[in-house]
Amino acid sequence: MASQFRTDESCLFCRIIAGEIPSDRVHEGERMIAFRDIAPKAPLHVLIVPRDHLPNAAATAAEDPALIGELIGCADTIARENGHEAYNLLFNTGEAAGQTIFHTHLHLLAGGKLTDLPV
Ligand code: AMP
Ligand code: ZN
């Protein structure tokens with residue numbers, strides 16, 4: 001059966017989701033997966049990634065706002081499973097804001113102090 005999700009063969013995260021590129025997965029759900037960031041910026045740095053390929057969080061929110069809520073819920077569960085009640089969540093949107101992979105993903109960062117953030 002064809003996948004119900006959109007994919008882009010040139011997208012790194014679509015290839016990770018498909019299992020073509022290995023990742024250190026911490027969650028696998030029907031609509032999203034989560035894996036450890038390859039270049040962690042905090043002791044716990046996980047990316048929560050919808051299976052459906054869209055370029056950024058706003059595009060996902062416009063089509064399916066509930067999915068954004070599910071990403072946040074998934075991040076909270078992973079943080080708690082790893083012993084963290086405090087954490088930062090981040091959606092980079094646009095190249096000038098540091099987005100490098102144009103497939104929606106939520107950064108979960110925990111266990112450190114993010115002193116570089118302006119807010
Ligand atoms: P962004 O800059 O918001 O687009 O985030 C992309 C993130 O993906 C960065 O934090 C990278 O370190 C991370 N990343 C890139 N390639 C991989 C990979 N193969 N496995 C896990 N994380 C990756
Ligand atoms: Zn993709």
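## Ligand site

A pocket is an open set of grid points, on a 1 Å grid over the protein atoms alone, with protein on both sides within 12 Å along at least five of seven lines, and a molecule sits in a pocket if more than half of its atoms lie within 2 Å of its grid points. By these criteria, ligand 1 sits in the largest pocket of this predicted model. The shell around ligand 1 holds 17 residues, and the closest are Asp37, Gly98, Thr100, His105 and His107. Helix α1 and strand β2 each supply at least two residues of this shell; α1 gives the largest share, namely three residues.

Several polar approaches to ligand 1 can be listed. In the side chain of Asp37, an N or O atom lies 2.5 Å from an oxygen atom of ligand 1. Gly98 places a polar backbone atom 2.8 Å from an oxygen atom of the ligand, while a nitrogen atom of ligand 1 is 3.2 Å from a backbone N or O atom of Ile38. On its own, ligand 1 has 510 Å² of accessible area, of which the protein covers 85%.

## Aromatic pair

The structure holds one aromatic pair. Its members are Phe13 and Phe35, whose ring centres are 5.4 Å apart; their planes stand at 80°, so the arrangement is edge-to-face, the class for angles over 60 degrees. Phe13 belongs to helix α1 (residues 12-17) and Phe35 to strand β2 (residues 32-36), so the pair ties together parts that lie 22 residues apart in sequence.

Both Phe13 and Phe35 are buried.

## Gln99 in its loop

Gln99 is located in the loop between β4 (88-90) and β5 (106-110). Its relative accessible area is 3%, so Gln99 is buried, the limit being under 20%.

One is the backbone oxygen of Pro55, reached at 2.9 Å. Another is the backbone nitrogen of Gly94, which lies 2.8 Å from a polar atom of the Gln99 side chain.

## Leu67 in helix α3

Leu67 is part of helix α3, which spans residues 65-81. With a relative accessible area of 7%, Leu67 is buried. Between Leu67 and Arg31 the separation is 36 residues in sequence, and the C-alpha to C-alpha distance in space is 8.2 Å.

Key: Residues are numbered from 1 along each chain as its sequence is written. Chains are lettered from A and ligands numbered from 1 in the order in which they are written. This is a predicted model: local features need pLDDT of at least 70, side-chain atom pairs count only at pLDDT 80 or more; totals for chains, interfaces and linings use all residues. Side-chain values use heavy atoms; hydrogens and water are left out. Rings of Phe, Tyr and Trp (its six-membered ring) pair if their centres lie within 6.5 Å; planes under 30 degrees apart count as stacked, over 60 as edge-to-face and the rest as tilted. Helices (H or I, at least four residues) and strands (E, at least two) are DSSP runs, numbered from the N terminus. Buried means under 20% relative accessible area, exposed over 50%, partly exposed in between (1.4 Å probe, protein chains only). A residue is near a molecule or strand if one of its heavy atoms lies within 4 Å of it. A polar contact is a pair of N or O atoms within 3.5 Å; within protein, one must be able to donate a hydrogen and the other to accept it, and residues adjacent in sequence count only if both atoms are side-chain atoms. Accessible areas come from the Shrake-Rupley method with a 1.4 Å probe; for residues, only the protein chains shown count as cover. On a 1 Å grid over the protein atoms alone, a cavity is a set of points where a 1.4 Å probe fits but cannot get out, and a pocket is an open set with protein on both sides within 12 Å along at least five of seven lines; lining residues have an atom within 4 Å of a point.
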